[in-house]
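Here are my notes on the two chains and how they meet. Please read them with the structure open.

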Amino acid sequence: MFGDQALALVVESKRSSQTDTLYKYNDQLVRNVQLEIRTLQSDLQKTVGPDINALTPSQQVLCASTMYHIAIRRNKRCLLAYHAHRLERLKHLYWSVGGALPHILTDTEIRSKLSPHEVDFLRSYNASVSDIRNEVLDVLDLAQGITVPPRDMRVNVVVVRECGTVQTESGTFAFKLGQRYQAARSHVEHLIVQGYLEVVP
Amino acid sequence: MDFSDSTLDDHLFGIDTDENPIARLIRAWIDERHAPDLLVFQAALIDDLMQKLHEQGLVVSALQSDESTTEEEHLRITLVKTDMERAKFLIRSYMRVRLHKIEKYAAFILQTTEEQQKLSNAELVHAQRYQQMLANHFHATVLDALPESTHALDQTFPDGTSMITRPDRDHPVFVHARVPCPDVLLPDGDKITLEQGSIHLLRYRTIDTLLARGQVNLV
């Protein structure tokens with residue numbers, strides 16, 4: 001009671017940051033905290049009940065209602081923080097695969113960790129970002145990596161995940177697992193960020 | 001050469017404007033990455049560079065498919081293309097940093113008209129849509145299951161904390177003076193002069209107007 005479960009949600013977020021992993025959406029705990037807030041709210045109303053219109057409520061009522069108010073506010077804040085933190089992680093994931101939403105949604109391991117609402121959020125986020133991307137797409141792709149500045153035009157890559165035959169601007173590649181290829185970096189960038197290819201010296 | 005307001009300002013404040021667009025982009029990019037709040041979108045500069053990249057791209061692909069292009073010219077084309085990729089990287093990073101800040105402070109931006117003027121149209125639309133999808137998500141997952149009285153997402157509490165995140169304008173930044181900047185007012189009332197070329201650690205709030213005029217840049 002009084003914020004213990006909400007704290008567990010925050011601890012989970014913190015652990016998720018520290019270990020850099022996405023945990024499964026904790027539906028049960030979220031529901032419990034929501035239930036706790038509703039219980040607190042009805043307790044609050046019972047406590048204040050007869051004094052609701054009193055100009056100077058008694059000391060006891062004042063103290064008790066303050067306590068309830070703060071507990072409700074804290075629980076709500078923890079709930080929102082938990083969800084906001086997850087959204088940040090999902091956005092990070094989205095950008096790290098070069099804005100390829102299907103890549104995230106078809107990955108059963110990731111998909112099983114998301115709540116349906118989070119999938120909806122990602123879809124609408126993707127729609128909004130795509131509009132910005134499309135505005136400049138004839139010159140550059142905003143979703144490409146921004147961590148390492150380009151050094152060479154061409155890269156040597158090795159196939160680490162089966163991806164079959166792929167059409168790129170530098171031609172069609174029949175990628176075979178374990179084989180090395182050379183291609184223009186910007187043309188295979190999306191395959192690199194999605195983990196199909198790995199850059200080798 | 002267009003004489004937009006910013007170049008006119010540059011002349012007034014004695015700043016060398018003959019810098020090439022890439023150098024200006026690099027500065028805008030570094031400033032944007034270091035500033036705690038959103039800076040004004042460099043629309044003219046970005047449009048100009050986009051246009052140039054587009055044209056250069058056309059020239060390069062025309063030359064590449066031309067059979068009379070010699071081996072040496074192909075080498076040069078590779079160099080040009082590498083340079084183009086680098087420019088694109090800068091623009092991409094610049095726009096992504098902005099998107100990050102816009103999403104972080106979406107609620108604050110949408111409250112303040114001054115902030116909105118710093119955004120391009122596309123960015124503003126994104127800020128609105130983002131704030132909306134955030135509110136939808138919070139309602140669907142958290143708030144709808146709570147009592148009506150707790151549904152607000154923009155409260156300010158008695159202890160002064162607000163649910164709306166604002167940029168921390170007191171954040172310390174390293175400032176490099178591009179021109180001599182006399183009489184910079186510090187929070188404690190003192191005035192200092194930033195000598196040309198010197199580097200100082202100051203609160204962002206104290207130098208934001210100098211930064212907007214391009215008299216200093218962040219490092």
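The model is a predicted one.

1. UniProt, in an unreviewed entry, places "domain: DNA replication complex GINS protein SLD5 C-terminal" at residues 167–219 of chain B. That span is 19% helix and 43% strand. Its end C-alpha atoms lie 19 Å apart.

2. An unreviewed UniProt entry lists "domain: GINS subunit" for residues 60–139 of chain B. Residues 60–139 of chain B are 86% helix and 0% strand. From end to end, the C-alpha atoms of this span are 51 Å apart.

3. **Domains of chain A.** How many residues are in contact between them? Five from domain 1 of chain A meet four from domain 2 of chain A. The domain 1 side of this contact has two nonpolar, three polar and no charged residues.

4. **Domains of chain B.** Here the assignment gives domain 1 (5–167) and domain 2 (168–219). The centres of these two domains of chain B are 23 Å apart, over C-alpha atoms. The contact takes 14 residues from domain 1 of chain B and 15 residues from domain 2 of chain B. On the domain 1 side, helix 1 (5–12) and helix 2 of chain B are the elements that give two or more residues. Helix 2 of chain B has the largest share, four residues. By class, the domain 1 side has seven nonpolar, two polar and five charged residues.

5. **Helix 2 of chain B.** This helix runs over residues 21–34. Its 14 residues should span 20 Å at 1.5 Å a residue, and the end C-alpha atoms are 20 Å apart, which agrees. Leu25(B), Ala28(B), Trp29(B), Asp31(B) and Glu32(B) are its buried residues. They sit on the same side of helix 2 of chain B because they cover an arc of only 165 degrees around the axis. What do the buried residues of helix 2 of chain B pack against? The partners are helix 3 (43–65), helix 4, helix 8 (204–213) and strand 5 (216–218) of chain B.

6. **Lys101(B).** This lysine is in helix 4 (residues 71–104) of chain B. Is Lys101(B) buried or exposed? Being buried takes 20 or more other C-beta atoms within 10 Å. Lys101(B) has 21, so it is buried. Arg33(B) is 68 residues away in sequence, yet the two C-alpha atoms are 9.6 Å apart.

7. **Gly197(B).** Look in the loop between strand 3 (191–194) and strand 4 (199–203) of chain B. Gly197(B) counts as exposed, with 10 C-beta neighbours inside 10 Å. Its C-alpha atom is separated by 5.2 Å from that of Ala177(B), 20 residues apart along the chain.

8. **Helix 2 of chain A.** The helix has 22 residues and reaches 32 Å from first C-alpha to last, close to the 32 Å expected. Val30(A), Val33(A), Gln34(A), Ile37(A), Leu40(A) and Leu44(A) are buried. Seen down the axis, the buried residues fall within an arc of 115 degrees, so they line one face of helix 2 of chain A. Their cover includes helix 1 (4–19) and helix 3 of chain A. On the other side of helix 2 of chain A, the exposed residues include Asp27(A), Arg31(A), Leu35(A) and Lys46(A).

9. **Where the chains meet.** The contact takes 29 residues from chain A and 29 residues from chain B. Helix 2 (27–48), helix 3 (59–96) and helix 6 (116–136) of chain A each supply at least two residues to the chain A side. Helix 6 of chain A gives the most, with eight residues. By class, the chain A side has 16 nonpolar, nine polar and four charged residues.

Technical notes:
Residues numbered from 1 in each chain as written. Chains lettered and ligands numbered in written order. Predicted model: local features only at pLDDT ≥ 70, side-chain atom pairs only at ≥ 80, totals over all residues. Contact = placed C-beta atoms within 7 Å. Nonpolar A, V, L, I, M, F, W, Y, C, P; charged D, E, K, R; others polar. Expected span 1.5 Å × (residues − 1). Buried ≥ 20, exposed ≤ 12 C-beta atoms within 10 Å, placed from the backbone. Arc of directions from axis to C-beta. UniProt positions renumbered as here; feature names shortened; annotations may be inferred. Domains from an automatic or database assignment.
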